[in-house]
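Me: I'm new to this one and would like to learn how to read it. Could you walk me through it step by step?

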Amino acid sequence: MSPTTAMFWPMIAHVFLVFCLYALLIIRRNKYTFKDRESAIKLRDRGEEARESYLVNRNIANQFELPVLFHIACLLLYITDADNIVTVVLAWLFVLSRCAHSYVHVTSNRLRQRGALFGIGFALVVCLWGWLAIWLALE
């Protein structure tokens, strides 16, 4: 597998994480939020839902914030041939940080742990963008 092809696998893994979170959201909404007609009406009319499904819903929203910059960086690294073993490892580490962040968010929701995991992911995306900038500057 060339580094170029390898750059897509962390992106695919992150998308799979999002799919799993949507499945978990469906399960938790069915179990906790749609337990009776009144709860379903609260979600429909006021956006109120059980804590268990709300946490998953918020985490899904998180997957379309910082990870958007991750996906763009990966695509640009691919397009410019700036990807290499280091960028692929950084990408995988980012996905692992997002998986860990999601796990904490939808289980214990401990802010200190979530914050640290977010910080790690943020630093990894900064590194990917930094490498891209250096690569383009040296071209």
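Me: How much of the chain counts as buried?
Reply: Buried means under 20% relative accessible area, exposed means over 50%, and partly exposed is in between (1.4 Å probe, protein chains only). Here, 39% of the 139 residues of the chain count as buried. Keep in mind that this is a predicted model: local features need pLDDT of at least 70, side-chain atom pairs count only at pLDDT 80 or more, and totals for chains, interfaces and linings use all residues. Residues are numbered from 1 along each chain as its sequence is written, and side-chain values use heavy atoms, with hydrogens and water left out.

Me: What does the secondary structure of the chain come to?
Reply: Helices (H or I, at least four residues) and strands (E, at least two) are DSSP runs, numbered from the N terminus. This chain has seven helices and zero strands. Its C-alpha trace spans about 60 × 30 × 25 Å along the principal axes.

Me: Which residues of the largest nonpolar core touch the most other members?
Reply: In soluble globular proteins, nonpolar side chains tend to be buried together. A nonpolar core is a set of buried Ala, Val, Leu, Ile, Met, Phe, Trp, Tyr and Cys residues joined through side-chain atoms within 4.5 Å. In this structure the largest core has 18 residues, and Met7, Phe70, Cys74, Leu77, Phe94 and Leu128 touch the most other members. Helices H5, H6 and H7 each supply at least two residues of this core. Apart from it lies another core of six residues, including Leu21, Leu25, Val56 and Ile60.

Me: What does leucine 77 touch?
Reply: A contact means heavy atoms within 4.5 Å. Leaving out residues up to four places away in sequence, leucine 77 touches Met7, Ala82, Asp83, Thr87, Leu128, Trp131 and Leu132.

Me: How many aromatic pairs are there?
Reply: Rings of Phe, Tyr and Trp (its six-membered ring) pair if their centres lie within 6.5 Å; planes under 30 degrees apart count as stacked, over 60 as edge-to-face and the rest as tilted. By this rule there are four aromatic pairs. One of them is phenylalanine 70 with phenylalanine 94, stacked at 4.5 Å centre to centre with 25 degrees between the planes. This pair links distant parts of the chain, with phenylalanine 70 in helix H5 and phenylalanine 94 in helix H6, 24 residues apart. Phenylalanine 70 is buried at 0% relative accessibility, and phenylalanine 94 is buried with a relative accessible area of 0%.
Phenylalanine 118 and phenylalanine 122 form a stacked pair too, at 6.3 Å centre to centre and 20 degrees between the planes. They sit four residues apart in helix H7, so about one helical turn separates them. Phenylalanine 118 is partly exposed at 37% relative accessibility, and phenylalanine 122 is partly exposed at 43%.

Me: Is asparagine 109 buried or exposed?
Reply: Asparagine 109 is buried, with a relative accessible area of 17%. Its place is in the loop between H6 and helix H7 (111-138), and it has a positive phi of about 55 degrees although it is not a glycine.

Me: And aspartate 81, buried or exposed?
Reply: Aspartate 81 is exposed, with a relative accessible area of 51%. It lies in the loop between H5 and helix H6 (85-106), and its phi is near 60 degrees, a positive value in a residue other than glycine.
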